[in-house]
Amino acid sequence: MLLLQQLIGLLLINLAYGDSECPVELNPQRVVVEYGGSVSVNCSTSVTHHGMGWEVSEGAVPQSRDNLITWRVSNLTQWDIQPFCYLNHKKQCQLELPVTIYKTPDSVSISTVNHTGPMMEGNQYELQCDVLNVAPVQYLTVKWYKGQTLVDQTNFTDTIKTPVDKTVTLMIRPDRADDGAQYRCEAELELGEEGPQPPPKLTSDPLNITVYYKPTINETKLPSVVPLFRGYSVVIVCEADGNPKPTISWNISTNNPVYSETFTITDSTPEDLYCIADNSVDTDIRHVKVSVQETPDSVSISTVNHTGPMMEGNQYELQCDVLNVVPVQYLTFKWYKGRTLVDQTIFNDTFITPVNKTVTFMIRPNRTDDGVQYRCEAELELGAEGPQPPLKVTSDPLNITVYYKPTINETKLPSVVSVFRGHPVVLVCEADGNPKPTISWNSSTNNPVYSETFTVTVSTPEDLYCIVNNSVDTDIRHVKVSVQDSECPVELNPQRVVVEYGGSVSVDCKTYVLHHGMGWEASEGAVPQSRDTLITWRVSNLTQWDIEPFCYLNHKKQCQLELPVTVYKTPDSVSISTVNHTGPMMEGNQYELQCDVLNVAPVQYLTVKWYKGQTLVDQTNFTDTTKTPVNKTVTLMIRPDRADDGVQYRCEAELELGAEGPQPPPKVTSDPLSITVYYKPQSNLCEDWSPKNGTSLVSYPILNSLEGNPRPNISWRRKSSLLNASVPLNTNDSGKYEITASNELGHFMCTINITVEYAPMIHASQEKFSEEEGSNIILECNWTGYPEPDVWWSFNNKNISTGRRHIIERARSTSAGVYTCSAMNKFGRKDKNVVVEIRGNPPNYIPYVVILVFFVLLVLLIALLFCMWKKKKSSGSYEVQSAKEYELRPLSNGGNC
């Protein structure tokens, strides 16, 4: 009854207010609440009223003069509740609150329809999802999942608000990939933004399905043709996928099936073999063809058109012969040099019967190949199903002998030999060659000496030659004999040493003469006297700056030979600085740079180099003979210009210690000294400019070429007035401009012409003409624009003339219409329309008037002549009356005229 009263009240209010709005606001504007849950909604207004309240079947709020009232229910159980907030303002109005009451399902379950047990691949089955006691159903979505994949979903349009049961079905046609798959269904209530987030959902237990499907044999693992080499056996495997698990059997011509996944093939296995896979669903059969193959009868290697030794650098051909092999398409020839694979050849022939194959290989042997063994190998690579490892047959090795020209050992035979008077030297000439070379010595006596050794004395000619010869070629070594006048027949190797302070040194002293003892005298590392012919002076940590070692020899009398020793030390540091100056340098002034080199020795080998960027600009050497470390200072005078701004100077200390010293010579470089050069503004360019309309003076391109440090200030003037360079130029700003660039060192000024470029603008002198037919009409359009635009007139989409003026001569009715004046340059195009109207001529009555007057005068003349003729004929007379009567009156004698 209460609900009926509310509906009647709502109807009356709607009739009273029509569609007018009610000045109240609900917060929230819609509510979604679970059945039995609590709800709270505010109704507020901002207008003065006579009372407001909530009308509702549960939790009604009585009328109040407050501006905010709240509807509250702690346990909402009325499915179709329809609360509204009303307001008495001028007249009563109301605003309804949409309320959705929901209930999640009691249960969600999945099942198959009219089926139990396994499913057959390819058949269709029906799944059913039952959702019990859910509301409201219009917001329900039932989703179907296979594993984690959504496969289908169903929505509902029912508007019933109370709980209902729903059943949804899904048709499936499973295949073998679905065996063991899990299906499930899910009921989800999507209640909008006001509803719970995420939306409430309830999922069924999973339904596991079993799919039975026919067996399928794995043809990758069981080829249709299996090659078998005579004398070998092959195990083949038959695997099959199926559900239920299939039974595997092999069927041969003996009709005695073998139940196993594997089968061993031998020479006695029939040519045709069958694998059978069977289960309760179906059967699969794989036919296997057994192909018996033959390995090569032999593999041999030989040389082509050659026997005996080979010559170094020449090319030779080797040949490999393989006899009686099949199938050749799986055959690979491999060439080996020693144990190294050097080449291989494959074939694409499809012969199925045995064939012979020959392959050749080109070689160009050198001396390192002498005695090498070549061999070739035939390998049948029949794939994973063939024998493993692949079958191969190898030739006997082919040993090659390489003849090559002799080469003298230059290490053992120096090009220069020193000999001391009374102390002969024995030289040894060794040579490598095949065949073994003959060795001889030749001097100016022209009497060759056949021996590997030769004794050199002071009487030996200055030029001596060792000649080695075999059947291939000859090698000659020239030896220069240098007779020494030194009284001490010893040689030092090296003859001079350069060693870093604290470094190690080792020098040999050698003699070719018989002696009574030799040794080294030195303040560090002295070597006691010995009867050897070679003794070595060694120091592992040389720290004596002025050490002077010498090697002495007791021969007839004692003699000695000093060893020059240079001990060096690289600088601790090298630094560069300016003298009596800091900060930027002024262009054109002179400045002094200083380079300090600390703790370097020996200074006589020191060079200080000055670099500007990567360019060497100066260097200084020293003549001091001090051997211990010293400090050195070097200066450089510079006069920088603007090109030097930002340049880096550096100095470098280099110790050039000669050929015996470290290579490259040790050097230490200072950190770079960057200099800043201040200079007045200058520009080599000052060109006229044609900017586009709207461009500002700061865009003048030559500004980028203005040089000056500090960066110059730019100012613009026109007609002596200072300008704001950032203001865009317009079409009236063309003219002469003065640009000035200035900094604290000076200024640069130039005058340029600026011509502002802009798109054409057209100003027609008259936009409409109305002229009479036959008139001459002059159409004109005035334009502005730069560059000067092309101007033309068009009519009816056709160009009719160029230039700003177009003349229509003797206008006709067809001349009427819209004429367009167009102006275009690189910045755009502008069109201006001119309308021409043609009026027809008025009727010309003058000829008709002239004819009529002529005709009237003619009639009058004829009448006058007639009267005169008649008067003469009647001989009458006339009386002239007073002029004021304006007429002629007949006399009594009576005439009719």
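Is Arg810 buried or exposed? At 58% relative accessibility, Arg810 counts as exposed (buried is under 20% relative accessible area, exposed over 50%, partly exposed in between, with a 1.4 Å probe and protein chains only).

## Basis

This is a predicted model, in which local features need pLDDT of at least 70 and side-chain atom pairs count only at pLDDT 80 or more, while totals for chains, interfaces and linings use all residues. Residues are numbered from 1 along each chain as its sequence is written, and side-chain values use heavy atoms, with hydrogens and water left out.

## Backbone features

Arg810 has phi near 45 degrees, a positive value in a residue other than glycine, and is placed in the loop between strand 73 (805-808) and strand 74. Helices (H or I, at least four residues) and strands (E, at least two) are DSSP runs, numbered from the N terminus. Asn305, in the loop between strand 27 (298-303) and strand 28 (310-311), also has a positive phi, near 60 degrees. Asn305 is exposed, at 79% relative accessible area.

Two prolines follow cis peptide bonds. Ala135 and Pro136 are joined with omega about -10 degrees, and Pro136 sits in the loop between strand 12 and strand 13. The bond from Asn243 to Pro244 has omega near 5 degrees; Pro244 lies between strand 22 (240-243) and strand 23 (247-251), in the loop.

## Aromatic pairs and charges over rings

The whole structure holds twelve aromatic pairs (rings of Phe, Tyr and Trp, the last by its six-membered ring, with centres within 6.5 Å; planes under 30 degrees apart are stacked, over 60 edge-to-face and the rest tilted). Tyr501 and Trp545 form a stacked pair, 4.5 Å centre to centre with 10 degrees between the planes. This pair links distant parts of the chain, 44 residues apart: Tyr501 is in the loop between strand 45 (497-500) and strand 46 (505-511), and Trp545 in the loop between strand 49 (534-539) and strand 50 (550-555). Tyr501 is partly exposed at 37%, whereas Trp545 is buried at 16%. Phe795 and Tyr819 are also stacked, at 4.1 Å and 10 degrees. Phe795 belongs to strand 71 (residues 790-795) and Tyr819 to strand 74 (residues 817-825), 24 residues apart. Phe795 is buried at 14%, and Tyr819 is buried at 4%.

Trp689, Tyr700, Trp716 and Tyr737 form one aromatic cluster. The charged end of Arg184 sits over the ring of Tyr145, 4.2 Å from its centre (NZ of Lys or CZ of Arg within 6 Å of the ring centre and within 35 degrees of the ring normal). Arg375 lies over the face of Tyr336, 4.2 Å from the ring centre.

## Largest nonpolar core

The largest nonpolar core has 29 residues, of which Val131, Leu140 and Trp144 touch the most other members (a core is a set of buried Ala, Val, Leu, Ile, Met, Phe, Trp, Tyr and Cys residues joined through side-chain atoms within 4.5 Å). Strand 12 gives the largest share, five residues. Contacts of Val131, not counting residues up to four places away in sequence, include Leu140, Val142, Val164 and Ala187 (heavy atoms within 4.5 Å).

Three strands form an open antiparallel sheet in the order 1-3-6 (two strands pair if DSSP finds at least two bridges between them). Strand 1 (25-27) and strand 6 (68-73) are at the edges with a single partner strand each, so one side of each lacks a neighbour in the sheet. Three bridges join strand 1 to strand 3 (residues 39-44), and Leu26 has Cys43 as its bridge partner in strand 3.
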